[in-house]
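Dear colleague,

Please find below the sequence and structure that I am handing over to you. My notes on what was found follow directly after it.

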Amino acid sequence: MNDSEVEAKDNSTGAGPVGPAFATATEPSYAHTLFYGPDGLRPGWGLGFYVLSFLLLQQFAVQLAWVRDLGDSGLWSKMLEEVGDLLAAVIPAIVLARIERRPWRAYGLPARQAFGRFFWTGVLWGFLAISLLMFAIYEQHAFTPGHIVLHGTRLLRFAAFWTAYFVLVGLFEDFWIRGYSQFTLARGIGFWPAAIVLSSAFGLIHLGNKGEDWRGVLIAALIGLFFCLTLRRTGSLWFAIGFHAAWDWGETFFYSVPDSGMVSPGHLLNSSLQGPSWLTGGSVGPEGSVFCLFVVMLVWAAFDRIYPRAVPLSGPK
């Protein structure tokens, strides 16, 4: 059978002429390889986009919060700014979660745990911790509670205001530093190296507070590391958020002392601190006291004993 007969036979059976087979190209493009690795968007690109987006949105939020005087010595503008800061931290993370195809709980805020057991346990721990610190300073005759200066509806109004405000502070700061940022940087360099880097940054950011100094920066960084431990052991940020909110509320409103160098209006007592700065914390407040270091170490040891095992960040739902 010659070639023409073979071709005629192929055409009659509908097979068509036989040609050379070429392998389909399966290698990803250079652009895809540049931006994506084996486990999705590369950490450097994700973190860079997150930080840049946050800074742009936060700048807009601050301008919007203070565009007009909302009264009460700027307290409502502070509240609005905190809401804007939280949105500036959350919105880019939502976008990146869709790009990276990751569940929201991977970033430490599982919705089903919102204001649940871990949060309220953190609230209890945070208030007890700040109370222990103030008691230690009081025992050294360096803290005078004074007397109550708020009464009736004014007391209730400021107590509620500072509760809402510091819950927002906890949500914003803990998610911003230990949410998407911690998860993504940990993908690149590991959990604890990322925790050290970000907790150090968290401490240094406090230098922007009036009255802050190196002692407050150090304690803020150590507390940040403790919050990373709670994230590692519980699989979420809710314990840290509750602790953070209760600590700040107790310091600012209940005990009415400087918080990271800042003194706020609408506090419960006309308390005062007196004595050497190593004992009272000076302009920093109790967070600059040497006793604060011991309290953080004690809380760390207690938490490590009660919650001994790490939980995957994407585990809780």
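This is a predicted model: local features need pLDDT of at least 70, side-chain atom pairs count only at pLDDT 80 or more; totals for chains, interfaces and linings use all residues.

Helix H9 comprises the 21 residues 214-234. Glycine 235 follows H9 and has a positive phi, near 80°.

Helix H8 has 15 residues, 191-205. From its first C-alpha to its last it reaches 21 Å, close to the 21 Å expected at 1.5 Å a residue. The buried residues in H8 are Phe191, Ala194, Ala195, Leu198, Ser199, Phe202 and Gly203. They lie on the same side of H8, because they cover an arc of only 165° around the axis. Among the elements that cover these buried residues are helix H6 (152-178), helix H7 (180-189), H9 and helix H10 (238-254).

**Histidine 244**

Leaving aside residues up to four places away in sequence, histidine 244 touches Val169, Gly170, Glu173, Asp174, Phe202 and Phe227.

The largest pocket has a volume of about 760 Å³. Its lining is made up of 31 residues, and those nearest its centre are Glu82, Val169, Glu173, Asn209 and Met262. Helix H4 (75-100), H6, H8, H9 and H10 each supply at least two residues of this lining. The largest share, seven residues, comes from H6. By class, the lining of the largest pocket contains 15 nonpolar, eight polar and eight charged residues.

The second largest pocket holds about 180 Å³ of space. Phe119, Trp120, Val123, Phe127, Thr163, Phe166, Val167, Ala245, Ala246 and Trp249 form its lining. Two or more of these residues come from each of helix H5 (117-139), H6 and H10. Which element gives the most to this lining? That element is H5, with four residues. The lining of the second largest pocket has nine nonpolar residues, one polar residue and no charged residues.

Yours sincerely

Technical notes:
Residues are numbered from 1 along each chain as its sequence is written. Side-chain values use heavy atoms; hydrogens and water are left out. The expected span of a helix is 1.5 Å times one less than its number of residues. Buried means under 20% relative accessible area, exposed over 50%, partly exposed in between (1.4 Å probe, protein chains only). The arc is that of the directions from the helix axis to the C-beta atoms. Contact means heavy atoms within 4.5 Å. On a 1 Å grid over the protein atoms alone, a cavity is a set of points where a 1.4 Å probe fits but cannot get out, and a pocket is an open set with protein on both sides within 12 Å along at least five of seven lines; lining residues have an atom within 4 Å of a point. Grid points are joined across faces, edges and corners, and a volume is the space filled by probe spheres set on the points. Ala, Val, Leu, Ile, Met, Phe, Trp, Tyr, Cys and Pro count as nonpolar, Asp, Glu, Lys and Arg as charged, and the others, Gly among them, as polar.
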